[in-house]
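Got a new structure open and wondering where its labels come from? Let's go through a few of them.

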Amino acid sequence: MPALIVVGAQWGDEGKGKVTDLVGQSVDWVVKFNGGNNAGHTIVVGDQKFGLHLIPAGILSPTVTPVIGNGVVVDLEVMFAEIQMLEEAGVDCSRLKVSLNAHIIPPYNKVMDGLAERSLGERKIGTTGRGIGPTYADKMNRIGLRIQDLFDESILRQKVRSALSGKNFVIEKQFSEEPIDPETISDQLLSYADKVRPMVFDCTTELNLALDRGETILLEGGQATMLDIDHGTYPFVTSSSCTAGGACSGSGIGPTRIDRVIGIAKAYTTRVGEGPFPTELFGKEGEDLRQAGGEFGVTTGRPRRTGWFDSVVARYAARVNGLTDLVITKLDVLSKYDEIPVCVAYDVDGQRFEELPADQTAFHHAQPIYEMLPGWKEDITGCETFADLPTKAQEYIHRLEELSGCRISVVGVGADRAATIVRHQLLD
């Protein structure tokens, strides 16, 4: 049976949670493989709306085992607050599994995150300040804390003291702030040990054994392609591997066991934080699209930057991830427009670019070249099949498919779980 990957094909917030929830009803496992609580999924089930930040969207499917993989960084306080929220809403969280090798976000890394962003001044990246970046940095510097360290008190205290010896020097000398007490931090983290213990497991071994048994695994990505640490708009990126390749390293499932890679993109484009965004809209035009799409962060509540669909980015995402399918969400948001621009190429200092410029400076100066497509000016939220869509809406999807170089298998026409048109099955 297959392993499938779901990744964002833009700058995040594309609706990955809804798609994971949709497909997750027919799989056995849903595994989050990267990121932390710096991104959120909004999932609407009937009259209930769930804002998930750390726990995989598969938690809402009662037959699924949701997993926080080894590539995720875990804020224990956030995880248990999310569990409490879900349980109060009647969701069973006893199935949740957490990799022993996942890294913990210690409280001191939230402090370091804020101080680092402050020091950048006008060059700030626009992080969420949740300690994600410093925790991934600790992981690479081999001074990180893993979930398994909670079960060896002497090791955990030793690691916290070691990490803070360097961080406190920076906190005191560079920022003139009070040092952080390592024993207080250790006590905080150790208080979670008994609560976490029933959830932990050997992620790599168990997931591969599940595939051997013929079970189906969906690998759920956080953030998106253009925020990938290697392939995104560096340095305005997140700190983890958000592309399909990251699903393998973040779960321990080898690439030859992946059957399908599903990319998610909005019918337009949004971005949170700093960095280049060629199709960005400003003023009233940008605000109108923001309000129509409800474009405010699930995690932070901050307004998202908005712009038209960028097919150059979509083509790039299709190649980098090896997409087999593309899901277009929020098509209904565009129903108000007479004409809809779609970016088909860039102009960079008079030179036309059909593909994403490899040079970051060139991409920063890219100006969109638009093709105007006719709007449909009809409410499509009740459409159940592709044939139900207005002809112009169908044509819009066909054109995005052509420009993206990847078949569009699913179209979202509303926020609810049921407001989804399936053109090609994502799970055969």
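Q: What makes β5 and strand β7 (residues 97-99) a pair?
A: Strands pair if DSSP finds at least two bridges between them, and β5 and β7 have two bridges, in the parallel sense. V67 stands opposite K97 in β7. A strand here is a DSSP run of E with at least two residues, a helix a run of H or I with at least four, both numbered from the N terminus.

Q: How do you know that strand β2 (residues 29-32) pairs with strand β5 (residues 65-68)?
A: Four bridges join β2 to β5, and the two run parallel. K32 sits opposite I68 in β5.

By the way, this is a predicted model: local features need pLDDT of at least 70 and side-chain atom pairs 80 or more, while totals for chains, interfaces and linings use all residues. Residues are numbered from 1 along each chain as its sequence is written, and side-chain values use heavy atoms, leaving out hydrogens and water.

Q: Why are α5 and α6 called oblique to each other?
A: Helix α5 (residues 153-173) and helix α6 (residues 182-190) pack at about 135°, axes 9 Å apart. Under 35 degrees is roughly parallel, over 145 roughly antiparallel, 65 to 115 roughly perpendicular and the rest oblique, so α5 and α6 come out as oblique. Axes are lines fitted to C-alpha atoms over the stretch in contact, with angles from 0 to 180 degrees between N-to-C directions.

Q: How do you know that the radius of gyration agrees with a compact globule?
A: The rule is 2.2 Å times the number of residues to the power 0.38, with the radius taken over C-alpha atoms. For 428 residues that gives near 22 Å, and the chain has 22 Å, so the two agree.
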